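Visitor: Could you walk me through this structure, with the cut-offs spelled out as we go?
Guide: Gladly, ask away.

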Amino acid sequence: MTEKDRPLSPQPDHIQQFNHQPEDEVHFLDLLEVLVRKKALIFSTIAIFTLLSVLYTFSITPIFRTTIGFQPNEKSLSLLFPDFIAEVLPSVSRSGNGSLVRENNYLLNKFLTKLQSYPIQEKVFIEGKFLQRFVDSNSNNDTGKGIVQELNRSIHASDNGKGLSAQTVTLEIEGTKPEVASDFLNALADRAKSEVVIDVKELIQKGIKTQMDIYSAELEKFRFQEKAEKDDEIRHFSDNLEIAKNLGVLDNNFGSSTSIISPVIGNKPNAKVSQMFLDRPIWYLYGQRALEQELKVMERRQSLGRYIEEISDLDFKLAYLTKIDLSKINFEP
């Protein structure tokens, strides 16, 4: 077979593909030509979707979040009163071992509880006439209650995960009218604050009355005990006076030479002998005249003075509690 008649060897695929000319090649000018021809359709489509987006945006009602922040009071309620009446304060309790425990965030806790109370929210909503402002028209009570319930579910307190000792505590509410929601939150906060102040002052007043009753009972006990001891002392001296009269012992015998045993031996006092001397009967040591004068002095005295410190302390505490005017004490939750 000659070289002319010999078949050609098969070429590799990549060489065949290189030699093959694509028939469907798209050029940039062709694309540009299509865009120019279809520009009306393209612009119309864009305009329609833009218009639909604008209509959708204006058709939906935006939801706003209104936030109000509170800074906890750094002063504890117990700092406004002396320590001796700490037990009358609702923010103070006793632990198992009897020691006083002060709750520093008592007012804030009570305040947040009032804020989230449905009855208080309903009062603020009705008294502030927020129904017309929320719905822009007069509605029946059922609609108003529905709005209050929705507000109640929406309101929640947040401490940013730092607890109530954080610098601020926020209260949030979501709705379509931020200005009305803001006014409602401010009115609610003012109402809750006044409610807390009223409630706490009532609790303190009850505690003061209870503490005054306790102090009065203790004072009465000391005075009764003192009077009983004074009466016993007077009765004891009266009995000895009667004996001194019957025996004719007129004068006292403290330094009499007729004493059987002298309490002093030499120049030094003898304890044993002194005790024997003092153990002698009062009617003998005092005598009728001294006993009569002693009884006059004892009867004029209001008390023997044995409980003067306890009675003075209780008198001071009662006087202080009586003068407390809670209307002049200002504290903020």
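Visitor: Is aspartate 315 buried, exposed or partly exposed, and what is its relative accessibility?
Guide: This is a predicted model, where local features need pLDDT of at least 70, side-chain atom pairs count only at pLDDT 80 or more, and totals for chains, interfaces and linings use all residues. Residues are numbered from 1 along each chain as its sequence is written, and side-chain values use heavy atoms, leaving out hydrogens and water. Buried means under 20% relative accessible area, exposed over 50%, and partly exposed in between, with a 1.4 Å probe and protein chains only. Aspartate 315 therefore counts as partly exposed, at 31%.

Visitor: Which residue does aspartate 315 meet in a salt bridge?
Guide: A salt bridge here is a side-chain nitrogen of Lys or Arg within 4 Å of a carboxyl oxygen of Asp or Glu. For aspartate 315 the N to O value is 3.4 Å, and the partner is arginine 223. The pair links distant parts of the chain, 92 residues apart, with aspartate 315 in helix α11 and arginine 223 in helix α8; helices are DSSP runs (H or I, at least four residues) and strands likewise (E, at least two), numbered from the N terminus.

Visitor: How far apart are the closest N and O atoms of lysine 114 and aspartate 199?
Guide: Lysine 114 sits in helix α4 and aspartate 199 in helix α8, 85 residues apart. Lysine 114 is buried, because its relative accessible area is 16%. The closest N and O atoms of this salt bridge are apart by 2.6 Å.

Visitor: Which residues are linked with Glu127 in a network of salt bridges?
Guide: Glutamate 195 and arginine 191 both lie in helix α8, 4 residues apart, about one turn of the helix. Both are buried, and their side chains meet in a salt bridge of 3.2 Å, N to O. The residues linked with Glu127 are Arg191 and Glu195.
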